Amino acid sequence: MDNKMPNMDYDADEVINEFKEKIKWPKSNEVQAVVKPTKLPLRILLSLLITIVVGAVAYYMMLPAFNIHDTQMYIFFILLVVIFMGAFSLVCRANKKIERKEYVKKKSLVPIIIIAVIAVIMAVGYVTGITLFRAHSYSQLMQISDGNFETDFEEISYDKVPRIDASRAHTLADQQLGSLSEYKSQYVVSANSTQINYQNTPVRVAYLEYADFFKWINNTKDGLPAYMLIDLITQKVTAINCVDEFGEGIKYSPTELFNEKLYRHIRFQYPTELLDTPNFEIDDNMHPYWITAVLNKTIGLFGGTDVKGVIITDALNGESNYYDIEQVKSSDELSWIDVVYSEALLIEQYNYYGKLQNGFWNSIIFQNDVNVASNGSGNIAMDDDVWVYTGVTSSKGDTSNFGFILCNQRTKESRYYTNPGAMEESAQQSARDAVQNYGYYATFPILLGIDNNPTYFMSLYGDSNTVKGYAFVSLEDKTVVGTGLLDVAKSDARALNSALENYIDALKEKGVADNVDKDDIIVDENEMGSADNTVTDNNTAPEPDNNTASDGSITGEVTDIKSSVNNGNTVYYLQIDGKYYYISVVDAMEVLLISKGDTVTVEFDESANGSFIPATSVTVK
């Protein structure tokens with residue numbers, strides 16, 4: 001046995017460094033040869049197949065228009081080039097062999113040039129369309145004519161204008177949806193409603209959405225069964241059952257997935273068109289449609305957005321038709337369409353008009369005759385169309401308006417009215433101050449003409465988001481205010497008339513309307529659309545019986561019962577002789593014991609009118 005010690009005379013660090021030198025990845029400048037991969041045509045074909053598959057998925061998600069004016073198209077093409085180069089690098093195993101990596105890098109010159117060319121095209125297209133160089137063109141996107149306030153607003157009666165805005169309409173519809181058992185828990189009301197004129201009445205239409213992904217799985221085969229119709233005057237909500245009315249549900253909507261998703265469905269039908277966000281509307285027969293504005297970029301490649309046409313899509317079967325914008329404006333058959341130009345687009349075009357008429361630098365430095373739309377906008381029904389209303393103020397953000405504009409959402413006809421006065425926010429604050437002890441809020445005002453006096457009209461609402469009263473505020477003098485509250489007047493119609501009477505009295509105190517006769521302006525309460533705050537199903541109304549009602553009471557059989565929760569209180573609606581009589585459980589506990597088919601006596605206010613009448617007492621026979 002050899003007992004000699006081994007030779008330990010060596011440097012461990014030196015050994016480790018030699019080992020690293022043997023296994024390290026060489027630097028690119030140390031590679032002596034660039035090796036072309038074998039079976040190169042096959043590798044290129046495989047890279048193309050990967051690009052097609054991944055690109056198809058990307059297109060399915062991005063949905064760009066194959067249109068030179070769509071920035072998404074250029075981004076999509078750049079993405080395709082990147083996908084191809086990534087796939088080519090992988091199939092060539094450039095991550096495994098340095099000589100292959102160098103080959104791929106040398107072949108990347110062409111794709112890099114393609115990406116650079118695309119980027120240059122986008123940059124040039126953007127620069128040629130910026131307001132710095134094209135201020136005059138932008139200022140001409142919208143043509144403004146002078147309006148006559150007395151003539152244009154003469155036919156707009158205060159009792160025929162919307163009493164709730166989009167937010168309040170959505171809250172009302174969403175609250176009431178739960179009273180329809182067949183839709184309960186499966187659907188919610190979309191927050192995206194559209195204000196239209198239906199049979200000369202301002203209403204909002206809102207489609208339903210699936211409550212969640214599992215509700216979609218459970219119901220998508222049949223589509224959405226109904227949509228909500230909210231009367232903005234009476235505040236009555238009606239669920240229009242599409243299955244019963246038209247034989248099928250809404251198969252195409254933004255809440256669907258895959259090919260039934262609305263935007264994807266329209267994109268596949270019109271792959272080259274620039275599409276705006278679709279609006280939900282109904283025709284005169286209550287048939288649901290999607291109205292999609294087709295956009296055009298009129299300045300440079302990406303600037304000067306305008307509308308060149310409309311795609312009308314049947315919400316039930318998905319059939320679509322394209323119409324040129326001039327045809328939409330002039331055709332009587334298409335006059336039922338109300339919203340083509342979005343509020344955002346109209347206000348954007350007006351701001352270009354107001355700021356850039358005297359050139360770009362004037363809008364920045366001198367600001368002579370520069371004006372912009374004020375914050376916020378509302379809608380007015382006029383000439384059987386929906387018009388966007390907004391005030392006009394200086395670019396410095398003054399507290400008053402020079403005047404206001406009206407823009408037709410179907411034709412883009414725009415009118416300017418020189419009526420200086422308080423801004424909308426100031427009018428809202430004046431209305432709130434008048435009822436500050438109640439803590440009510442005010443909706444965005446609607447402009448009316450009360451005896452040719454420009455007047456802001458607002459609904460007052462509380463924390464429950466339900467209407468509590470009404471307010472009128474003078475545009476020219478925001479201290480002239482008239483209010484009427486439901487809690488005091490005990491009737492929606494009386495509250496509205498009370499607000500107007502108080503407003504006229506305030507005008508007279510200011511010496512503005514000394515010769516105004518209230519009787520010439522006040523509308524008979526029996527002829528006025530009253531706010532019902534109720535919900536109905538359009539397929540449940542039975543034929544009236546032969547019961548009799550007199551002296552503010554009625555005795556008859558209960559043919560239908562509905563309920564809802566208003567302001568934290570449960571309200572029951574009893575249908576007798578074709579009308580609903582409603583009362584809170586707090587006011588009549590006996591209503592909890594009533595079933596369909598029972599005979600009851602209901603007492604109510606004799607002056608009440610309409611299909612929904614507030615009851616004062618209910619007695620079971």
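**Reading the model**

Author: Start with V53, which sits in helix α2 (residues 40–62). Helices (H or I, at least four residues) and strands (E, at least two) are DSSP runs, numbered from the N terminus. This is a predicted model: local features need pLDDT of at least 70, side-chain atom pairs count only at pLDDT 80 or more, and totals for chains, interfaces and linings use all residues. Residues are numbered from 1 along each chain as its sequence is written, and side-chain values use heavy atoms, with hydrogens and water left out.

Reader: Is V53 buried or exposed?

Author: Buried means under 20% relative accessible area, exposed over 50%, partly exposed in between (1.4 Å probe, protein chains only). V53 has a relative accessible area of 55%, so it is exposed.

Reader: Which residues form a nonpolar patch on the surface?

Author: Patches take residues with over 30% relative accessible area and no salt bridge; like charges are joined within 9 Å, nonpolar side chains (Val, Leu, Ile, Met, Phe, Trp, Tyr) within 5 Å. A salt bridge is a side-chain nitrogen of Lys or Arg within 4 Å of a carboxyl oxygen of Asp or Glu. Here the patch is L42, I44, L45, L46, L48, L49, I50, I52, V53 and V54, together about 860 Å² of accessible area. Such areas come from the Shrake-Rupley method with a 1.4 Å probe; for residues, only the protein chains shown count as cover.

Reader: Which residues of α5 are buried?

Author: They are P111, I118, M122 and G125. Seen down the axis of α5, these fall within an arc of 70°, so they line one face of the helix. The arc is that of the directions from the helix axis to the C-beta atoms. On the other side of α5, L109, V110, I112 and V120 are exposed.

Reader: How many aromatic pairs are there in the whole structure?

Author: Rings of Phe, Tyr and Trp (its six-membered ring) pair if their centres lie within 6.5 Å; planes under 30 degrees apart count as stacked, over 60 as edge-to-face and the rest as tilted. A search finds 34 pairs. Y60 and F268 have ring centres 6.1 Å apart and planes at 40°, so this pair is tilted. Y60 lies in helix α2 and F268 in helix α11 (residues 262–269), so the pair ties together parts 208 residues apart in sequence.

Reader: And an edge-to-face case?

Author: Take Y207 and W290: centres 5.0 Å apart, planes at 70°, so edge-to-face. Y207 is in strand β4 (residues 201–210) and W290 in strand β9 (residues 288–299), 83 residues apart. Both Y207 and W290 are buried.
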